[in-house]
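Please open the model in your viewer, with the sequence panel alongside, and follow the stops below in order.

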Amino acid sequence: MLDRMNIVIAGGSGFLGDALARALTSQGRDVTILTRQKPVHAATPRVSSVHWTPDGTAGDWARVIDGAEAVINLAGESIAAKRWSADQKRKLRDSRLLATRSLTSAIRSADRPPAVFISGSAVGYYGDRGAETLTEASEPGRDFLGGLAQDWETAATDVSQLTRVALVRTGIVLDAHGGALPKMLPPFRMFVGGPLGSGEQYMPWIHKADWVGLVSWILTAEGARGPLNATSPSPVTNAEFSQALGRALKRPSFLPAPAFALRIALGEMADALLLSGQRALPVRATDLGFSFRYSTIDEALANVLA
Ligand SMILES: NC(=O)c1ccc[n+]([C@@H]2O[C@H](COP(=O)([O-])OP(=O)(O)OC[C@H]3O[C@@H](n4cnc5c(N)ncnc54)[C@H](OP(=O)(O)O)[C@@H]3O)[C@@H](O)[C@H]2O)c1
C-alpha cells in the first residue's frame, strides 16, 4: 500500500484534469497541478499549482515529482480548438511530446520516482477502423492522430524501468459542460439534429465519471500497465448515438449533416474527429476488475443531461 499521497497532474487545469483533481482530493489525496499559467491559489482545498515550462526538459518545477505518489500527464494543445493547419498540427504534436519528455526527464532525475506514471493517449491511436472490434492489442492507425498517439505513448514508456507506466487511450468523454457533447447539442435543441456523414462510424464514448473512476483506479491497480482503453463497454455507431441523443432531449434526430459540408467547415479535422471511428473496447480494465457505472449510452446521456 502506498504511503505517499501527493499526485501531480500535468495539464490538470483542463476539462479532465480538473474533474480528476476534485475526485482525488475527496479521497484524501493532495494534488499538485503543473500549469503554464501563473500559478493561482486554487479554489479547491488540497489542490495547489506550480508553474512549469514543458519544453522537453526538467526545470525547477521537477522538485514536485520527487516523492510524489503518482504523476498523471494530461497536457496538450486542444485537438478540436482550431482547424488543422500545418502549424496547428505541429503544436498538437510538440505540446504532447515535449510535455511528456519533460515529465520523463523529471522522473529519471528523481531520488524517489513515483510509483506510477499515468500518461494520456487517445483512441485516435487506432485510426479509422469501421466496425472492427479494437482491443489494446490492435494495430495502430497510419493517419496523423495514429502517428501522434504512438509517439506520445513511446515517449511515456521511456521510464517503464523506473515506474509502472499506464497509457490511457481516452475515447469521447461525455459531460454536459465540457468536451465534445456541448458542441453537439445545439442542432438537436433546434430540431435539426442527426447523424454525421453516413452515421456508420463508431463512437467510443465514456461518461466523465467513469473516466475519472478509471484513472483513480489505475493509481492502485498494480496490474494496470501499458495501454488501457478508457471507453465504455458498449460503443455505438454515430447514428445510434444521434438517436439516443434525440431520445434524451426529446427531439428528432433524423437530419444528417453531410460529410462534404463538415469537410468544408472543418477541413481535415472533420474526417479525423467526426467522420471516422473506433469500436474500441475496454478489455484490459474489465479483465483487471474495473466496473463501469454507465455502460449503456441511454443511461449515460440520461445522467449527463439530467
Ligand atoms: N476530453 C476528451 O474527450 C479527450 C478524448 C481523448 C483524449 N483526450 C486527451 O486527454 C488530455 C486531457 O484532455 P482535456 O479534455 O482535459 O484537455 P484540455 O481541457 O484542453 O486540457 C489540457 C491542458 O493541457 C495544457 N495545455 C494546453 N495547451 C498546451 C501546450 N501547448 N503545451 C502544454 N500544455 C498545454 C493546459 O493546461 P495549462 O494551460 O494550465 O498549462 C490545459 O488545461 C489531452 O491530451 C487530450 O488530447 C481528451
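Predicted model: local features only at pLDDT ≥ 70, side-chain atom pairs only at ≥ 80, totals over all residues.

Residues are numbered from 1 along each chain as its sequence is written, and side-chain values use heavy atoms, with hydrogens and water left out. Helices (H or I, at least four residues) and strands (E, at least two) are DSSP runs, numbered from the N terminus.

**Helix H3**

Colour the buried positions of H3, which are Phe144, Leu145, Gly146, Leu148, Ala149, Trp152, Glu153, Ala155 and Ala156; buried means under 20% relative accessible area, exposed over 50%, and partly exposed in between, with a 1.4 Å probe and protein chains only. Which elements do the buried residues of H3 pack against? They meet strand E4 (70-73), helix H2 (86-109), strand E5 (116-122), strand E7 (164-170) and helix H8 (268-275), where contact means heavy atoms within 4.5 Å.

Now centre on Leu148 within helix H3, a residue buried at a relative accessible area of 3%. Leaving aside neighbours within four places in sequence, Leu148 is in contact with Leu92, Arg93 and Arg96. A distance drawn from Leu148 to Gly124, C-alpha to C-alpha, is 8.7 Å, although the two are 24 residues apart in sequence.

**Two loop residues**

Move to Ser138, in the loop between strand E6 (133-134) and H3. Ser138 has a relative accessible area of 13% and is therefore buried; apart from neighbours within four places in sequence, its contacts are Tyr125, Tyr126, Arg129 and Thr133.

Next select Pro235, which lies in the loop between strand E11 (226-230) and strand E12 (236-237) and counts as buried at 12% relative accessibility. With neighbours within four places in sequence set aside, Pro235 is in contact with Tyr202, Met203, Pro204, Trp205, Arg279, Ala280 and Leu281.

**Helices H6 and H10**

Two packed helices are described by the angle between their axes and the distance between the axes. Show helix H6 (residues 238-249) with helix H10 (residues 297-304): their axes come within 10 Å and cross at roughly 40 degrees, which makes H6 oblique to H10. Axes are lines fitted to C-alpha atoms, for helices over the stretch in contact, and angles run from 0 to 180 degrees between N-to-C directions; those under 35 degrees count as roughly parallel, over 145 as roughly antiparallel, 65 to 115 as roughly perpendicular and the rest as oblique. On the H6 side, Phe241, Ala244, Leu245, Arg247 and Ala248 meet Ile297, Asp298 and Leu301 of H10.

**Helices H7 and H8**

Finally, display helix H7 (residues 259-266) with H8, whose axes come within 6 Å and cross at roughly 125 degrees, so that H7 is oblique to H8. Across this pair, Ala259, Leu262, Arg263 and Leu266 in H7 meet Glu268, Met269, Ala270, Asp271, Leu274 and Leu275 in H8.
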